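Keep the 3D view open as you read.

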Amino acid sequence: MESFPIINLEKLNGEERGLTMEKIKDACENWGFFECVNHGIPHELLDRVEKMTKEHYKKCMEDRFKESIKNRGLDSVRSEVNDVDWESTFYLKHLPASNISHVPDLDDDYRTLMKEFAGKIEKLSEELLDLLCENLGLEKGYLKKVFYGSKSPTFGTKVSNYPPCPKPDLIKGLRAHTDAGGIILLFQDDKVSGLQLLKDGEWVDVPPVKHSIVVNLGDQLEVITNGKYKSVEHRVIAQTDGEGRMSIASFYNPGSDSVIFPAPELIGKENEKKDNYPKFVFEDYMRLYSAVKFQAKEPRFETMKAMETTVANNVGPLATA
């Protein structure tokens, strides 16, 4: 199998731009994932985020996680567990409104740092969406406009730690799923692996590369590209040793009232309507997704297609210019 795509974004500024864009195109079409280096986010900032995130887990979350595992009897499981993830998490909301000042237990310096980090990730997300537009032959800013809805995109961060697990063969760090939203940017531990994606029927490791940002495409980009790009099933494997794995995933998603549908430019004239992906309101998709996250995505699309007539009757065409 070919090696996991690692893309040097710095080369977009020189004579290798065309080749780099082709690598991004190939990654989106054939992997649904790629890893960015030289992405413009200062390494010093990423080092501080990693250091303070791990310190916060040790100080505020580790004991609670151990107590939770003990209370649920997961430290002595003897058969496979399919309804629990071996992870400790908290969530930060950035758009349309931030909750960082209200999340408990965060030191002031950590709050300030995560606001700065979120700003950098938001900017990179929008830059990447425009690169996707360029490769797809869409107007610059098209994807951002679709995601914007009436107010703003939805943008938030899931901060996760995957502690050492005594029975990694019986319980996953995070069960297999595709992501519901738009574009996901992940800053992951560079020392401890665990993230895997499903490609051609095989689970492939996403390599931990220091100071890299992993990018993966969510269900909404599959719909907008009418299947040209696809969201990909992925999971986290629990590890038995070490200090555990850190994962900071930021989700740049459509606004709740955004209307999602295949871009007209990406619908072949020979295609009949039945062959296209559905049109729906993102909030409706998320309501369905929350109940069936760890199931196959295709039935979700079929359910939304069945609702499409209702959406078409109540929502006019989306202005993108």
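Strands count as paired if DSSP finds at least two bridges between them, and angles run from 0 to 180 degrees between N-to-C directions, with axes as lines fitted to C-alpha atoms. As for the labels, strands (E, at least two residues) and helices (H or I, at least four) are DSSP runs, numbered from the N terminus.

A bit of housekeeping: this is a predicted model, with local features needing pLDDT of at least 70 and side-chain atom pairs counting only at pLDDT 80 or more, while totals for chains, interfaces and linings use all residues. Residues are numbered from 1 along each chain as its sequence is written, and side-chain values use heavy atoms, with hydrogens and water left out.

Back to that sheet: β7 (residues 195-199) runs antiparallel to β8, joined by 4 bridges. K199 has E202 in β8 as its bridge partner. K199 also lies over the face of W31, at 4.7 Å from the ring centre.

The other open sheet has 7 strands, ordered β1-β2-β9-β6-β11-β4-β3, with mixed pairing. Its edge strands are β1 (6-8) and β3 (88-95), each pairing on one side only. Neighbouring strands are again turned by 25° on average, direction ignored.

| Strand | Joined to β9 by | Direction | Residue and its opposite in β9 |
|---|---|---|---|
| β2 (residues 33-37) | 4 bridges | antiparallel | C36 and I213 |
| β6 (residues 183-188) | 4 bridges | antiparallel | I184 and N216 |

How is β9 placed, buried or exposed? Well, 5 of the 5 residues of β9 are buried, so the strand is largely enclosed by the rest of the structure. I213, V215 and L217 cover one side, V214 and N216 the other, and all are buried. Buried here means under 20% relative accessible area, exposed over 50%, and partly exposed in between (1.4 Å probe, protein chains only).

Now the rings. Rings of Phe, Tyr and Trp (its six-membered ring) pair if their centres lie within 6.5 Å; planes under 30 degrees apart count as stacked, over 60 as edge-to-face and the rest as tilted. That rule gives 8 aromatic pairs. Take F117 and F187: their ring centres are 6.3 Å apart and the planes meet at 45°, so this pair is tilted. F117 sits in helix α3 (residues 108-136) and F187 in strand β6, 70 residues apart, so to speak a link between distant parts of the chain. Both F117 and F187 are buried. Elsewhere, ring pairs link Y277, F280, Y285 and F301 into a cluster.R175 lies over the face of F294, at 3.8 Å from the ring centre. A charge sits over a ring if NZ of Lys or CZ of Arg is within 6 Å of the ring centre and within 35 degrees of the ring normal.

Among the helices, α2 (residues 43-72) bends by about 60° at M61, the bend being the angle between axes fitted to the seven residues ending there and the seven starting there. Just after α2, G73 takes a positive phi of about 70°.

Finally, an unreviewed UniProt entry lists residues 153-254 as "domain: Fe2OG dioxygenase". Over residues 153-254 the chain is 6% helix and 44% strand, with the end C-alpha atoms 5 Å apart.

Note on methods. UniProt positions renumbered as here; feature names shortened; annotations may be inferred.
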